[in-house]
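Biologist: I am new to this structure. Please show me how to read its features.

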Amino acid sequence: MIAFIENHPQLFSLGTVIFFIMILLWLIQHFTIRYGKNVLMYLLRYAERLWQYLCRQSLLIRFRAKHPAFFGFLEKRFRRQYFHGLTLTLSMFVVGYILALFAGLVEDVVTADSIVTTDLFVSQHMSVLHETNIVPAFIFITSLGSTPITCLIVLLTAIICAVVRQPYLLIGLLLSTIGSTTFTFLSKVVFQRARPIDILLSEQTYSFPSGHATISIALYGFIAYLVVRFSNHFAHQVRFLSLTIFLCLLIGLSRIVLNEHYLSDVMGGFLVGALWLTIAISVMEWLTTRGKIDWHIAWSAPQRYMMLLSIGVVLIATCIYAIFYQFPLLG
């Protein structure tokens with residue numbers, strides 16, 4: 001074992017990272033399933049008691065009497081009964097936070113900050129793995145974020161939405177995927193960052209941000225949202241969400257292992273995908289309050305088989321794409 005680590009330090013580091021991610025996600029999944037609901041209820045009760053306590057304070061009472069309209073506006077922003085209350089407030093907070101993170105990342109990349117040094121360090125170490133047997137596996141994984149495969153997934157998802165008679169779901173699906181893809185394309189044109197020198201599969205576009213990382217969050221994240229919304233089993237919701245996060249991280253990691261992108265490119269792609277996913281989910285929740293979406297439909301056996309068949313089609317198509325398009329690029 002020690003000899004293997006000494007002879008293959010990069011491979012050992014990569015395996016350690018994947019193992020750590022799996023353990024961390026399993027722990028989060030385990031504790032969320034076991035304690036998640038109780039913790040959430042406790043936090044909600046605590047927040048309500050805190051608000052009642054603050055409302056009894058003389059300073060807040062005087063402020064309410066002096067500025068009733070402004071106080072009423074703030075109070076409505078934290079109501080859970082309707083979309084324009086707490087839901088919209090949290091959505092705007094998440095969007096603002098993601099934009100702030102993305103702006104900070106862009107500043108670091110543009111000003112050649114320490115993250116660029118980290119990018120080069122990781123890229124140099126990943127180039128050593130190009131002659132190992134892990135390359136085919138990561139080519140298959142990265143193919144799950146390619147344009148043909150993601151377009152196929154969008155098409156199959158749209159067909160399923162039509163079959164279950166929930167056409168308004170297409171708005172969120174297209175908003176998340178097309179919006180994030182357009183944002184990524186424009187960002188590549190603006191920043192024009194060159195790809196790593198030791199790139200394994202030739203690409204014609206710029207590097208920042210990673211389109212694969214973007215679409216993995218925007219598309220697979222939205223599908224996970226649909227599954228969570230349609231499911232009534234809390235444990236199943238958490239497990240599927242955990243699996244989706246792991247898949248997205250693997251796709252992002254594949255871009256680094258294959259030296260298609262720098263680490264910061266993948267981080268930027270994740271942020272862009274999360275931004276548009278949040279916007280799409282917010283629109284879905286708004287449409288839900290308008291009665292346009294029914295999350296309590298009964299799924300028939302043929303519809304369930306159709307979903308399983310769609311998964312099989314995607315996996316087969318991914319294998320075909322990887323074998324007949326990606327592998328020849330290795331040259």
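Biologist: Are Y225 and W295 buried or exposed?

Modeller: Buried means under 20% relative accessible area, exposed over 50%, partly exposed in between (1.4 Å probe, protein chains only). Y225 is buried, and W295 is too. A caution: this is a predicted model, where local features need pLDDT of at least 70, side-chain atom pairs count only at pLDDT 80 or more, and totals for chains, interfaces and linings use all residues. Residues are numbered from 1 along each chain as its sequence is written, and side-chain values use heavy atoms, leaving out hydrogens and water.

Biologist: How is a pair of aromatic rings described?

Modeller: By the distance of the centres and the angle of the planes. Rings of Phe, Tyr and Trp (its six-membered ring) pair if their centres lie within 6.5 Å; planes under 30 degrees apart are stacked, over 60 edge-to-face, the rest tilted. The count here comes to eleven aromatic pairs. F102 and F208 are stacked, at 5.9 Å centre to centre and 20° between the planes. Both F102 and F208 are buried. Y225 and W295 are edge-to-face: 5.7 Å centre to centre, 80° between the planes.

Biologist: Which parts does the pair of Y225 and W295 tie together?

Modeller: Helices are DSSP runs (H or I, at least four residues), numbered from the N terminus. Y225 lies in helix α10 and W295 in the loop between α12 and α13 (301–326), so the pair ties together parts 70 residues apart in sequence.

Biologist: Which residues do ring pairs link into a cluster?

Modeller: F222, Y225, F230, W295 and W299.

Methods:
Helix = DSSP H or I, 4+ residues; strand = E, 2+ residues; numbered from the N terminus.
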